[in-house]
Amino acid sequence: MKNSQKGAAQKKPAKGGASRVDTRWVTTVFVATIVISGCMSLFSDLLLNRVRLIAAFAVLLVIVLIGIFFDIIGVAVTTADEKPFHSMAARNLPEAKEAIRLIRNANRVSSFCNDVVGDICGVISGSASAVVAAQVIVHFTPTAGSFFRLFLSALVSALTVGGKAVGKTFAINASTPIVHFAAKVIFRVRWFFKWVRTLFRR
């Protein structure tokens with residue numbers, strides 16, 4: 001009995017093992033959420049309050065599409081295989097290393113894309129729909145305005161949920177080209193910032 005208890009005690013995970021919380025990553029996500037959410041909220045509020053109704057609808061649609069786009073990338077990274085990118089790296093394609101890095105950090109990438117950006121877009125699209133509704137209901141009776149506000153909120157929710165459902169299927173079936181595209185974008189952004197740094201060092 002004592003031996004079995006000792007064996008069970010030995011099998012318990014040590015402190016600071018795999019279950020340890022990555023405080024650095026949590027802090028990074030927390031700060032990134034504040035910055036991205038603040039910038040997107042400020043931009044959307046300034047834009048929605050200065051444009052006409054049709055343009056405001058277009059801005060609202062763009063916010064929804066951004067959330068769907070990042071959700072697709074998050075799902076694609078978690079389902080993609082490294083093998084095609086190893087063969088690309090053998091052919092010296094520069095974006096292949098970025099793709100492998102994305103796949104090996106799929107947990108963090110999906111957390112950022114699906115949770116951080118996706119949730120932010122969901123919150124902002126809700127507030128943006130309220131701004132758009134406020135521009136419209138001034139022409140309606142209070143009852144009709146309430147119905148329109150509910151309809152717009154339901155429409156945004158349906159577009160978000162339906163778009164993400166379709167996007168997940170697309171991401172699973174086309175994970176390799178999606179990750180390849182994301183890696184290309186990241187590689188070019190990194191190259192651009194390196195080029196800007198070299199200009200300032202001269």
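On a 1 Å grid over the protein atoms alone, a cavity is a set of points where a 1.4 Å probe fits but cannot get out, whereas a pocket is an open set with protein on both sides within 12 Å along at least five of seven lines, and lining residues are those with an atom within 4 Å of a point. Grid points are joined across faces, edges and corners, and a volume is the space filled by probe spheres set on the points.

The model is predicted, so that local features need pLDDT of at least 70 and side-chain atom pairs count only at pLDDT 80 or more, while totals for chains, interfaces and linings use all residues. Residues are numbered from 1 along each chain as its sequence is written, and side-chain values use heavy atoms, with hydrogens and water left out.

**The whole chain**

Begin with the protein chain in a cartoon view, where eight helices and zero strands are found; helices (H or I, at least four residues) and strands (E, at least two) are DSSP runs, numbered from the N terminus. Of its 202 residues, 31% count as buried, that is, under 20% relative accessible area with a 1.4 Å probe and protein chains only, with exposed meaning over 50% and partly exposed in between.

**Helix 3 against helix 6**

Select helix 3 (53-79) and helix 6 (106-136) next. They pack at an angle of about 165°, with their axes 8 Å apart; axes are lines fitted to C-alpha atoms, for helices over the stretch in contact, and angles run from 0 to 180 degrees between N-to-C directions. The two helices are therefore roughly antiparallel to each other, on a scale where angles under 35 degrees count as roughly parallel, over 145 as roughly antiparallel, 65 to 115 as roughly perpendicular and the rest as oblique. The contact of helix 3 with helix 6 has 20 nonpolar, eight polar and one charged residues, where Ala, Val, Leu, Ile, Met, Phe, Trp, Tyr, Cys and Pro count as nonpolar, Asp, Glu, Lys and Arg as charged, and the others, Gly among them, as polar.

**The cavity**

Now select Ile63, Val64, Gly67, Gly118, Cys121, Gly122, Ser125, Thr160 and Lys164, which line the largest cavity. Its volume is about 40 Å³, and the structure holds one cavity of 30 Å³ or more. Helix 3, helix 6 and helix 7 (142-173) each supply at least two lining residues, with helix 6 giving the most, four residues. By class, this lining divides into three nonpolar, five polar and one charged.

**Two pockets**

For the largest pocket, with about 260 Å³ of space, select its lining residues, among them Trp25, Glu98, Arg101, Asn105, Arg108 and Arg190. Helix 8 gives the most to this lining, with four residues, and the lining comprises six nonpolar, one polar and four charged residues.

Which residues line the second largest pocket? Select Phe69, Phe70, Ile73, Leu102, Val109, Phe112, Cys113, Phe181, Ala182, Val185 and Ile186 to display that lining. The volume of the second largest pocket is about 230 Å³, and its lining has 11 nonpolar, no polar and no charged residues. Helix 8 again gives the most, with four residues.

**A last stop in a loop**

Finally, select asparagine 92, in the loop between helix 4 (83-90) and helix 5. Most residues other than glycine have a negative phi. Asparagine 92 has a positive phi of about 65° although it is not a glycine, and this residue is exposed, with a relative accessible area of 69%.
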